[in-house]
Amino acid sequence: MRKLKAIDTSCEEFAKEIISDTAERLQPVYTAIQGKLKNLHDDYDDKFLHDNLQNVNKSGLSSGELNRYGKLYKADCEAIQKLKFQVLRNEIGIYDDVCPICGIGPANTIDHFVPEGDYPEYCVHPRNLIPLCNDCNGPKRTLLKTDTNERALWNNYLDESPNRQFLFCDVAMIEDMPRASFYIDNRNGVDKQVYSRIERTFERMHILEHYNSSSSGKAYYYLKVLASHEIYSEEEVVSWLRDEITGKDVNDFVAVYLDALITSTECMKWILDKLSELHSMMA
Ligand SMILES: [Zn+2]
């Protein structure tokens, strides 16, 4: 749940760049519709600023105009690729394309936070475009608000991941493999509203299932890393993995998984056995 910094280009400027890339004969049409949407786009910015996106408005434009305007969005156009590059940079400016929701796959799709199907008005609003991985973007999302009119899902531009742990993992050896079973729990008292949003987002995007299935690959990855550092004793393994955990967010699924591995006696035994196998292969 990595926080991203939205770009501050106005929707007007951003759309202008996209329009200039379309066929010349269509440009006046797009520009005219864009002009009619100016107030609505300013209203989006106001709602973004006040964290009230669940209450964005619809325009009074005809469905013909809206259909036309919706075609302006193309994920591979230069302006959107540039946006992706800018927002996925981390605090020290390094491009990190890992999905900011799940932290597993690359963020190779663009999510329209306010769904483009229901609201084509915001299809190229730069603060409505969030790069996510396929798995997180796919099942999302026409959900905008809850029954009690709260913003339903996590927004990487607006939400800050809690520094209290809400993600946990049990591991058990099954068929000679440590199998993970992730779950979320609010035992550490994350703000209730924030936690409900996390719960809905995890459920909608099947995040726990993705963590469960990605974890065994991570176990093998760390075995190889440990072997390449010539680490074979239990004490060294624990100390090395503890350092790895310390460098990560408290709810990072890899950190939570590694912690579960090193606190399980049977998984630790498996790690040490595998390391000794790798050791003798490399000897
Ligand atoms: Zn994802």
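**Reading the packing and the domains**

A: Helix α8 (residues 207–228) and helix α10 (residues 253–263) have axes that come within 10 Å and cross at roughly 65°. That makes α8 roughly perpendicular to α10, on a scale where angles under 35 degrees count as roughly parallel, over 145 as roughly antiparallel, 65 to 115 as roughly perpendicular and the rest as oblique. This is a predicted model, in which local features need pLDDT of at least 70 and side-chain atom pairs count only at pLDDT 80 or more, while totals for chains, interfaces and linings use all residues. Residues are numbered from 1 along each chain as its sequence is written.

Q: How are the axes of α8 and α10 defined, and which residues of the two helices meet?

A: Two packed helices are described by the angle between their axes and the distance between the axes. Axes are lines fitted to C-alpha atoms, for helices over the stretch in contact, and angles run from 0 to 180 degrees between N-to-C directions; helices (H or I, at least four residues) and strands (E, at least two) are DSSP runs, numbered from the N terminus. Here Y211, S215, K218, A219 and Y222 of α8 meet F253, V254, Y257, L258 and L261 of α10, where contact requires C-beta atoms, placed from the backbone, to lie within 7 Å. The residues of this contact of α8 with α10 divide into eight nonpolar, one polar and one charged (Ala, Val, Leu, Ile, Met, Phe, Trp, Tyr, Cys and Pro count as nonpolar, Asp, Glu, Lys and Arg as charged, and the others, Gly among them, as polar).

Q: At what angle do helix α9 and α10 pack, and is their crossing left-handed or right-handed?

A: Helix α9 (residues 234–246) packs against α10 at an angle of about 155°, the axes being 9 Å apart, which makes α9 roughly antiparallel to α10. Their crossing is left-handed, a term used if the near helix is turned anticlockwise from the far one by less than a right angle, with right-handed used if clockwise. From α9 the contact takes V238, L241, E244 and I245, and from α10 it takes A255, L258, D259 and I262.

Q: How do α8 and helix α11 pack?

A: The axes of α8 and helix α11 (residues 265–282) lie 10 Å apart at an angle of about 55°, and the two helices are therefore oblique to each other. The crossing of α8 past α11 is right-handed. In α8, L223, L226 and A227 meet I271, K274, L275, L278, H279 and M282 in α11.

Q: How many bridges join strand β3 to strand β4?

A: Strands pair if DSSP finds at least two bridges between them. Strand β3 (residues 167–174) and strand β4 (residues 177–184) run antiparallel and are joined by eight bridges. C169 has F182 in β4 as its bridge partner, and A172 stands opposite R179 in β4. The hairpin has two residues between the strands, and E175 takes a positive phi near 50° there.

Q: Where do the domains of the protein chain lie?

A: Domain bounds come from an automatic or database domain assignment, which divides the protein chain into domain 1 (11–137) and domain 2 (167–282). Taken over C-alpha atoms, the centres of domain 1 and domain 2 are separated by 36 Å. Six residues from domain 1 and six residues from domain 2 make the contact.
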